[in-house]
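Here are my notes on the model you sent over, as numbered points. Have the viewer open while you go through them.

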Amino acid sequence: MMKPITLKDIASSCGGKLFGDETKLVTSIVTDSRQVESGSLFAAIKGERVDGHKFVEQCINAGAVCALVEEKPAIDCDYILVESTLVALKGIAEYYRSLFTIPFISVTGSVGKTSTKEMIASVLSQKFKVHKTSGNLNNELGVPLTLFGLEEEHQVAVIEMGISDFQEMYRISKMVKPTICVITIIGCCHLENLGDRDGVLKAKTEMFDNMADNAKIFLNGDDDKLSTVTEVRGIKPVFYGLDSKNAYYAENIKNNLTNGVDATLCFEDTKLNVTIPAIGNYMVANALAGVAVGKSLGMTDDQLISGVESYKTVGSRANVIKTDSYTIIDDCYNANPNSVKAGIDTLVNFSTRKVAVLGDMKELGKEENRFHFEVGQYAAEKKIDVVIAIGPLAKELYNGANHGTEAYYFETVEDANAEIKNILKQDDTILVKASHSMQFEKIVENIK
């Protein structure tokens, strides 16, 4: 339950006009009519397919104390009238965040946002009551809803931030006002808006414009773009990464595949031996980020180790599924060139026949064909035994892999599902990865 806030404060924070009792208290703010309960404020959003204004009456009858709307409701109820519900939610979120004096950790990057957020939350949960982003609530609508989930008991918040254009990070960070900033990798994503990796760096680092005056910054120093950030508003970043040049670095990395990744995490005069319950070496960098943030908040070495080793994979992100026939690496939540190559690097570690089922990587801009071709080449160079490319853009991925390894191409997921079991063999290890809109979960369901 939220800290109770009055309708007066809500209207004031978003520049809305209140029609009703300004002393009424709100204890939850929702945009989904199915989540309404007694004390809710229902924010009616006009979506592409559904207009939330059609559900105002239903929500009031279900116990909502007020509606946030762009037009007067047909039902007699308390309501706040605004020009844009989406813009209003951001104003309310900024106000609600101001009621908390706890650490706010913001996590962004082209690759590994969610796994790093989960690792940081896992570490911090050994000492603090943690509130974290759930699901994909990391954009300009999701972040307000995440902030509204903060309760009195929470001692720290870990907020994931995803963007696709310039100024989005500025608007999101204005709501969050982070006290700790974490950036994972500057990769090739959303290039149709951001142009190139320098554009991605510029967009991601807009976070710094709204961070607290005494904020801390943690950056992946192995990234060639992030390593150029030397000072921001008088704050020197702390770098983490696998290379020993970083303040937080790793030694003795040993990938035990489904039994986890062993590593020694090093900082100052400390060396922590951990087993990370994940399959990719890239998780070592995520663990270093978690340890760096935890150390900055006064955690003990034992707490840091327990936190890293308590990490759990979420959703379709390098989730290993063992069946009677195959080992499936379900990583079909999303994809860009960096993350697909990281997935291939993980697949290479397996001793079985290795199959990469790869699909379209979206939002790569004018160089999209080159990026797909290069990923195909990379798979062949890494000696992946079989590449199955699916989707219009993935035709170039197929072309890149075709002369270096056994490769197949299908235009649609349905076409691939009709033939894929004829290609696979007993005991194959199979990486399944593409942009989320490709719906590769259908492939996972078909073969598991």
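1. Lys90 and Glu140 are both buried (buried is under 20% relative accessible area, exposed is over 50%, partly exposed is in between, with a 1.4 Å probe and protein chains only). Their side chains meet in a salt bridge, 2.6 Å from N to O; the criterion is a side-chain nitrogen of Lys or Arg within 4 Å of a carboxyl oxygen of Asp or Glu. Lys90 sits in helix H3 (residues 85-97) and Glu140 in the loop between strand S9 (130-132) and H5, so the bridge ties together parts that are 50 residues apart in sequence. The element labels are DSSP runs numbered from the N terminus: helices are H or I with at least four residues, strands are E with at least two.

2. Before you go further, keep in mind that this is a predicted model: local features need pLDDT of at least 70, side-chain atom pairs count only at pLDDT 80 or more, and totals for chains, interfaces and linings use all residues. Residues are numbered from 1 along each chain as its sequence is written, and side-chain values use heavy atoms, with hydrogens and water left out.

3. Next pair: Lys132 and Glu118 form a salt bridge, with the closest N and O atoms 2.7 Å apart. Lys132 belongs to strand S9 and Glu118 to helix H4 (residues 113-124), so this bridge joins parts that are 14 residues apart in sequence. What about burial? Glu118 is buried at 9% relative accessible area, whereas Lys132 is partly exposed at 34%. The pair also belongs to a network of salt bridges that links Lys117, Glu118, Lys132 and Glu160.

4. Lys3 has a salt bridge with Glu152, and here the closest N and O atoms are 3.8 Å apart. The two come from distant parts of the chain, 149 residues apart: Lys3 is in the segment before strand S1 (5-6), and Glu152 is in the loop between helix H5 (142-147) and strand S10 (156-160). Lys3 is buried, with a relative accessible area of 16%, but Glu152 is exposed at 58%.

5. How many salt bridges does a search of the whole structure find? The count is 25. As background, side chains of opposite charge can pair when their charged atoms come close. The protein has 47 positive and 61 negative side chains, and the centres of the two sets lie 2 Å apart. For that tally, Lys and Arg are positive, Asp and Glu are negative, and His and the chain ends are not counted; each charge is placed at NZ of Lys, CZ of Arg, CG of Asp or CD of Glu.

6. Have a look at Ile159 in strand S10. Ile159 is buried, with a relative accessible area of 0%. Leaving out residues up to four places away in sequence, Ile159 touches Phe104, Ile105, Ser106, Val107, Thr133, Val143, Thr146, Leu147 and Val176 (a contact is heavy atoms within 4.5 Å). Ile159 and Lys117 are 42 residues apart in sequence, yet their C-alpha atoms are 7.4 Å apart in space.

7. Ser33 is in the loop between strand S4 (28-30) and strand S5 (40-43). Is Ser33 buried or exposed? Ser33 is buried, at 15% relative accessible area. Its partners, again not counting residues up to four places away in sequence, are Phe42, Phe55, Gln58 and Cys59.

8. Two backbone angles to check. Most residues other than glycine have a negative phi. His190 has a positive phi, near 55 degrees, and is placed in the loop between strand S11 (180-183) and helix H7 (191-194). Glu363 has a positive phi too, near 60 degrees; Glu363 lies in the loop between strand S19 (354-359) and helix H12 (368-381) and is partly exposed, with a relative accessible area of 37%.

9. Finally, the overall picture. The protein has 15 helices and 22 strands. Its radius of gyration is 23 Å, close to the 22 Å that the globule rule gives for 448 residues, so the protein is as compact as a globular protein of that length (radius over C-alpha atoms; the rule is 2.2 Å times the number of residues to the power 0.38). Buried residues make up 56% of the 448. Of the contacts with a separation of 6 or more, 63% are between residues 24 or more positions apart.
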